[in-house]
Amino acid sequence: MPVWQKAMEIGVDVYKISDSLPKKEDYALTSQIRNAGESISANIAEGFGRGGNKEKCNFYRYSRGSASETKSHLIYGKLVGYFAEPESNSIITKIEEVIHELNKIIKSLGN
């Protein structure tokens, strides 16, 4: 699925951008943003592997939620000066594209 591929890119991008976070953020922002970023593609994959449309939609919605959470962490990181604007904005753009694609998939499945 192309949306899964883009979600994987986001996970990798988030890992890289969070690598420069201060050590004091290891159990806070670093952990949270990495978990949320990785969850986007993981939930798409799990949804794809499910049998019924209702189950698929649930996991695509979880993925959409993880995408929104990741976006929020990126905005926060940018506001407190942890992330450079061009880098974080590039990831946010990808996130918005994934959310748009997930919305289309959910709608097409009739849920």
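Predicted model: local features only at pLDDT ≥ 70, side-chain atom pairs only at ≥ 80, totals over all residues.
Colleague: Why are α3 and α4 called roughly antiparallel?

Modeller: Start with the angle. The axes of α3, residues 53-79, and α4, residues 85-108, cross at roughly 160°. Angles over 145 degrees count as roughly antiparallel. So α3 is roughly antiparallel to α4.

Colleague: What is the hand of the crossing of α3 and α4?

Modeller: That crossing is left-handed. The two axes come within 10 Å.

Colleague: Which residues of α3 and α4 meet?

Modeller: From α3, they include C57, Y60, S63, A67, L74 and K78. From α4, they include E85, I91, I95, I99, L102 and I106. By class, the residues of this contact divide into 12 nonpolar, six polar and six charged.

Colleague: Now α1 and α4. Why are they called roughly antiparallel to each other?

Modeller: The cut-off is again over 145 degrees. α1 and α4 pack at an angle of about 155°. They are therefore roughly antiparallel. Their axes are 10 Å apart, and α1 passes α4 in a left-handed crossing.

Colleague: Which residues make the contact of α1 with α4?

Modeller: On the α1 side, V3, K6, A7, E9, I10, D13, V14 and I17. On the α4 side, the list includes E87, S88, I91, K94, I95 and L102. The classes here are 10 nonpolar, one polar and seven charged.

Colleague: What makes S63 buried?

Modeller: S63 is in helix α3. Its relative accessibility is 0%. Buried means under 20%, so S63 counts as buried.

Colleague: What is S63 in contact with, leaving aside neighbours within four places in sequence?

Modeller: I40, N43, I44 and L102. S63 also lies 9.2 Å from A7, C-alpha to C-alpha. In sequence, S63 and A7 are 56 residues apart.

Colleague: How do you know whether H73 is buried or exposed?

Modeller: H73 also has its place in helix α3. The relative accessible area of H73 is 12%. The limit for buried is under 20%. H73 is therefore buried. Not counting residues up to four places away in sequence, H73 touches L29, Q32, I33, A36 and F83.

Colleague: And S20: is it buried or exposed?

Modeller: S20 sits in the loop between α1 and α2. Its relative accessibility is 57%. Exposed means over 50%, so S20 counts as exposed. The C-alpha atoms of S20 and E38 are separated by 17 Å. Along the chain, S20 and E38 are 18 residues apart.

Colleague: Which residues of the largest nonpolar core touch the most other members?

Modeller: This core has 23 residues. I10, I40, I44, L74, F83, I91 and I95 touch the most other members.

Colleague: Which elements give two or more residues to this core?

Modeller: α1 (2-18), α2 (26-48), α3 and α4. The largest share, eight residues, comes from α4.

Colleague: What does I91 touch, not counting residues up to four places away in sequence?

Modeller: I91 touches I10, D13, V14, I17 and L74.

Colleague: What tends to happen to nonpolar side chains in soluble globular proteins?

Modeller: They tend to be buried together.

Definitions and conventions:
Residues numbered from 1 in each chain as written. Heavy atoms only, no water. Axes fitted to C-alpha atoms, helices over the stretch in contact; angles between N-to-C directions. Helix = DSSP H or I, 4+ residues; strand = E, 2+ residues; numbered from the N terminus. Parallel < 35°, antiparallel > 145°, perpendicular 65-115°, else oblique. Left-handed = near helix turned anticlockwise from the far one by under 90°. Contact = heavy atoms within 4.5 Å. Nonpolar A, V, L, I, M, F, W, Y, C, P; charged D, E, K, R; others polar. Buried < 20%, exposed > 50% of the residue type's maximum accessible area, 1.4 Å probe, protein only. Core = buried A, V, L, I, M, F, W, Y, C linked by side-chain atoms within 4.5 Å.
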